[in-house]
Amino acid sequence: RSGAHCAPRLHRALGTEGDNTPDLLAADLQPGDRFLLCTDGLTGMTRDDEIEKTLLDSQTADEAADRLIQMALDAGGSDNVTLILCTGEEGKPWKQD
């Protein structure tokens with residue numbers, strides 16, 4: 001979508017010690033918007049502008065996810081690459097509570 005940008009990153013390690021309170025984000029997802037949650041296995045191997053371009057240029061969420069994972073692996077894949085990608089669909093708004 002025109003004017004899209006990579007949002008600030010979520011930084012939280014989950015474990016059994018310390019403060020494990022999750023960070024919460026509430027947003028209205030519009031048709032065509034993409035929301036990416038990923039590990040540093042992706043962000044540590046690819047630049048933000050490459051991730052953004054891939055999200056914008058891919059026709060489907062599956063295509064975008066496959067391309068992002070392959071980009072990280074092609075760059076050396078020194079860590080596990082995990083991602084969740086949500087896409088807003090026409091007629092199915094995701095509204096914050």
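**Close-up 1. Ser58, a buried loop residue in a predicted model.** Ser58 has 5% relative accessibility, so it counts as buried, the cut-off being under 20%. Its place is the loop between helix H2 (48-57) and helix H3 (61-74). The Ser58 side chain makes a polar contact with the side chain of Arg67, at 3.0 Å. Neighbours within four places in sequence are set aside for the next list. Beyond them, Ser58 is in contact with Arg34, Glu63, Ala64 and Arg67.

**Close-up 2. The buried face of helix H2.** Which residues of H2 are buried? They are Ile51, Thr54 and Leu55. Seen down the axis of H2, these buried residues fall within an arc of 100 degrees, so they line one face of the helix. An α-helix has 3.6 residues a turn, so residues three or four places apart point the same way. What do the buried residues of H2 pack against? Their partners are strand E1 (34-38), helix H1 (40-43), H3 and strand E2 (83-87).

**Close-up 3. Gly41 in helix H1.** Is Gly41 buried or exposed? Gly41 is buried: its relative accessible area is 0%. The residue lies in helix H1. Gly41 and Asp79 are 38 residues apart along the chain, yet their C-alpha atoms are separated by 4.8 Å. Again leaving aside neighbours within four places in sequence, Gly41 is in contact with Ala72, Asp79, Asn80 and Val81.

Note on methods. Residues numbered from 1 in each chain as written. Predicted model: local features only at pLDDT ≥ 70, side-chain atom pairs only at ≥ 80, totals over all residues. Heavy atoms only, no water. Helix = DSSP H or I, 4+ residues; strand = E, 2+ residues; numbered from the N terminus. Buried < 20%, exposed > 50% of the residue type's maximum accessible area, 1.4 Å probe, protein only. Polar contact = N/O pair within 3.5 Å; in protein donor to acceptor, adjacent residues only side chain to side chain. Contact = heavy atoms within 4.5 Å. Arc of directions from axis to C-beta.
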